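This report examines a set of protein chains, the interfaces between them and two individual residues. Please keep the sequence and the structure in view while reading.

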Amino acid sequence: MAREKEIARSDNASDKNKQRRAFIDKSMKLGLAAVAGTFGVTRLIESAEGKAIPGESVELMTTDGKLVKVDQRSVEKIPEAEHVNPREGFAHRKFVMVIDLARCKNARKCQSSCNKNHYITGPNAWLKVYKMQNSEEESPYWQPTTCQHCDKPPCVKVCPVDATFKRRDGIVLIDNDRCIGCRFCMAACPYSTRVFNWGEPDQPEEIAALPNDLDYGGVPAEKGTVDKCDFCPHMIDKGKLPHCVTACPNGVFFFGDQYEDTVTNGDETYRLSELLEEKSGYRLMEELGTKPSVYYLPPKDRLQEFEKGLDNYDEFNSVEKEEKS
Amino acid sequence: MTQFDQVIHDLAPQRFNIWGKLWTGLLIAVILVGAYSYYQQLKYGLIITDMRDYASWGVYISNFVFFVAISLVGSLITAILRLSGVKWSTPLTRISEIIAVAAIIMAGLTIIIDMGRPDRLFNLFFHGRLQSPIIWDVIVITTYLVISVLLLYYPLLPDLAILKKYFAKNKWFTTWYTWLSINWTGSPIQKRLSRRSIRALSVMIIPVAFSIHTVTAWLFATTYRPGWDSTNFGPYFIAGAFVAGAGAVVAVMYVFRKAYHLENYITDYHFDNMGKLLVLLCLVYLYFNVNEYLVPAYKVTEGESAHLNSLFFGEYAAMFWLVIVGGLVVPVIALIFPQGRKPLPLFIIALIVVLGAWWKRYIIVTPTLLHPFLPIQGVPESWHEYFPTWREWSITLATLASSLLIITGLIRVLPVVPIQETLEERGIEEPIIEELK
Amino acid sequence: MKKIEYTRIPWMLLCIGLLLLTSWEPTFSKQKKPKVRLSVQYTKDMAKGSFLTIHTKAKGDHGYHPTPDLPIVITQYFGDSSVVLGEIVTGVDGSAIYHMNELRRNQQDTTNHFFFGITSPTTDKYRSAKKKLDVIDVNLVTTIETVDSLHKAVVNLTSPGTNLPVEGAFVQVAVDRLFRPIILGKDFYKTDENGSIIVPIPDDIPGLNGNLKILAMIKDSDEYGNVQASTQGKIGIPIVENSTFDQRKLWSPPSKTPLPLLIFPNLIILGIWFTLVMLIFNLYKISKSKSD
């Protein structure tokens, strides 16, 4: 009992420390940004930005041609991507995804990109491409399935410790520092989209050492907690589309803001309402009343026949094993 | 020896004989093996179990449900029967309260064993969400534990006061009995306070007992899954709980009657009545089972179809029919006959009923999880099935052994049958020792 | 007596020399450094200024890979002379952005034609590469006009300095959205003799508070590079936010528990626990009461 109290106290203390550090961090950021502003540092555009590893500095050119090294965190982000706090999310946005089943050829690039970028180590991927056949007479099709980020999320309803939560922008995330591993959310989810870290996740050292970031699911993964698709807020933060959207070679995934009524797969951009009306979009298990944020376009007039995708189909595996050198 | 002394002599806690010691030793051994497995689980994580992303709840949860079910027996025997004016069950109230306390303590511990991050247990209190059925479970289980302990303690007071004199030679017992009997003298004020308190507790425990098993049932019924998505689950679980609890009481009362030669106090009449009660409870539970399985079988919705198939004809068929027929139907038939309600046959049947009750909860928890809405794909073949690993079994057996150890331990120091109430019922009064002039 | 054939000696020397040279060749070509591939794009944002986007890559063992930490020198040419504008270093992904707020002009030259050279000098890893880029500077302006509650985007393309219209340029008009803009009308419109195009804006486009940002873009033009202009107007439908984040729901955090759940269970729990405390207090009373 005493040990548990000790752990809880140190958890509590480290929570407080984290809050303190976050506050100091914020004020330091503000100060640095102000100083940088007086040099007239121009705003950094994403392509020159490196990976967001804390402590890394970036070289920027001032308007009078001088080269300065600035801490990457102090660089002002694109205003659109500004957000209040990771439990609340982006203001005035509601993220939706549209998956065009007519285009899916089971290339699985979405799955491998997601696995790779979230350092998924278990054998169960967050994004699964199901071989679906609703009945014997109906024709089979490939169905990429992410977390549906439901508007009435059964998983969030049952979480006893507020470890999984729904944000203002519609994204459902998991706080791996809070999760107690009761797995009630996994029992409640009808889409079988959540995975559990049954043992110690086998992630690279530098990933496992990272602090918990609510915007970046699975980085790092924690033993005894739940993980799932996060709609990549860490990418949205940089003005980029989620990994699955950009990785798909067939333009299957569309992503965007429902309030803006716009979705894009990177190359094609549509009005969401027009796309859903024209292609007769639907949601999975609508009758359960979960109100998912993912719409599907029926597999009509397919780009490629279903059978060709069978080459890539692996019934018993969804995460490629890393070849360790 | 006066009648008074006889009763006390019969009912006072006795030393364990060789069997008692062996029994305790066996329980401790089982617990130690389980404790080592749990240490492994803390070190490596829940990966030492056979649970994986589809069968994400397994034997730990069904074991937990079993414990909650057993704990309801306290409310049944002690409260419901007592409040309805039933007198024959009085000797059994102590046993049922002890079983209830042991079961509810182990229920709380068993659920912690299932947590992926038990180090974060206190998040339940710092960040608890009232919207979550797990929080409801935590609240009601805690409340039920307190009520059960009080309902064990209050009737114990007069007995402790009697025993402190009986054990005058044993310093250890005397100290504890004196301290715990809190100056009980049997005065009118004390009797009135006790009577009122026991009455209040008996009334309170019934809704709380109904709550704990309803809330536990809702851990499943608040999900969409076939097999769990049932409006029937609350009453279904409670009916099952009474069956399991009654069976447990019969089993324990037989053992103690034998071990302590309490044939005068726990008579054939008690067994006969418990047998009849068990028949009634089994019939009620069978009725709920019929509702639970036949109605979906009539409709066979898409979600239910694979699940019901596996229960009736498929991989879980043997277990299912064994539990229903062997665990419920056969006992009912056997107990209809008076010969079946004799102590030894009833004891065996009760053991079968309890065993069946344990496996029934396994049948409720696991098959549903292996029949999700979306097909199971992209995961290793072993994930399509679930059977507990030997470590899971050792931990589960350790929890069962722990509950038995608590019962055994309490019986070592507390009278199995309430002494004071027995004296009152038999009209025996404490003889007044005349002062020697 | 044998005659020593002295005439063969120069031939032998030549053969030996050739042999040495050819045997040297392979080692020489192994040390040959890969050449950097440069690609440059010119972009002029009418509000924020011009910049060059430079992408670099080089051939490695497994195809092309980006080249980070590569110095790039940007030069501007005026007729025969040249001025080094600045130097920049590529980032992790091999790209760099060089901002030029004011294009340096030669007073005599009124053609608005600018010439740049982008060089990556030889480093210890890579050979040098050079790219030339010439652009014609234009001013792109877009405004929103509303006539009879019908909105349209009016785009004007002029030459800086003379303000003469630029005809025949391909411009795209779009509504700014979070990830990619929504194109209005046709994919491209050609500027007329007045250097302008008019694109109707539909009246059912949602925007924050009804605000819409209209973009006019020249894309990948051989003459003008990329040019972007924008304007804002309250011509859209105000977005209606339907998030339940602020409401008390079954899926809200503990601070927003639904009221029935907050009130009734708590009342019941308090009632029961109050009674339990009283019952425990009764035990205390029992222990304190005197015997008769």
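Predicted model: local features only at pLDDT ≥ 70, side-chain atom pairs only at ≥ 80, totals over all residues.

**Chain A**

Chain A has 325 residues, and 53% of them count as buried. Among the contacts in chain A with a separation of 6 or more, 62% are made by residues 24 or more positions apart. The accessible surface of chain A is about 14,900 Å². Carbon and sulfur atoms account for 51% of that surface.

**The interfaces of chain B**

The table sets out the values for each interface.

| Interface | Residues in contact | Buried area | Share on carbon and sulfur atoms | Salt bridges | Residue pairs in polar contact |
|---|---|---|---|---|---|
| Chain A and chain B | 58 from chain A, 47 from chain B | about 4,400 Å² | 58% | three | 34 |
| Chain C and chain B | 28 from chain C, 30 from chain B | about 2,200 Å² | 74% | zero | ten |

Between chain A and chain B, the rule finds three salt bridges. One salt bridge joins the side chains of A:R183 and B:D114, with a distance of 2.7 Å from N to O. Several elements of chain A give two or more residues to the side that touches chain B: helix 1 (2-38), strand 4 (128-132), strand 5 (141-145), helix 3 (154-158), helix 4 (184-188) and strand 8 (195-196). Sorted by class, the side of chain A that touches chain B consists of 30 nonpolar, twelve polar and 16 charged residues.

Turning to the other interface, chain C and chain B bury about 2,200 Å² between them. Which residues of chain C lose the most area to chain B? They are C:L279, C:L283 and C:I286, which together supply 27% of what that side buries. The side of chain C that touches chain B divides into 15 nonpolar, eight polar and five charged residues.

**Two residues of chain B**

B:W321 belongs to helix 14 of chain B, which covers residues 317-336. Is B:W321 buried, exposed or partly exposed? Its relative accessible area is 41%, and because this value lies between the limits of 20% and 50%, B:W321 is classed as partly exposed. Leaving aside residues up to four places away in sequence, B:W321 touches B:L311, B:F312 and B:G326. With B:F312 there is a particular approach: the side chain of B:W321 reaches the backbone oxygen of B:F312 at 2.9 Å. The C-alpha atoms of B:W321 and B:K360 are separated by 10.0 Å, while these two residues stand 39 residues apart along the chain.

B:S181 sits in the loop between helix 9 (171-180) and helix 10 (188-221) of chain B.

Definitions and conventions
Residues numbered from 1 in each chain as written. Chains lettered and ligands numbered in written order. Heavy atoms only, no water. Helix = DSSP H or I, 4+ residues; strand = E, 2+ residues; numbered from the N terminus. Buried < 20%, exposed > 50% of the residue type's maximum accessible area, 1.4 Å probe, protein only. Contact = heavy atoms within 4.5 Å. Polar contact = N/O pair within 3.5 Å; in protein donor to acceptor, adjacent residues only side chain to side chain. Buried area = accessible area lost by both parts, 1.4 Å probe. Salt bridge = Lys/Arg side-chain N within 4 Å of Asp/Glu carboxyl O. Nonpolar A, V, L, I, M, F, W, Y, C, P; charged D, E, K, R; others polar. Areas by Shrake-Rupley, 256 points an atom, 1.4 Å probe, with all protein chains shown as cover.
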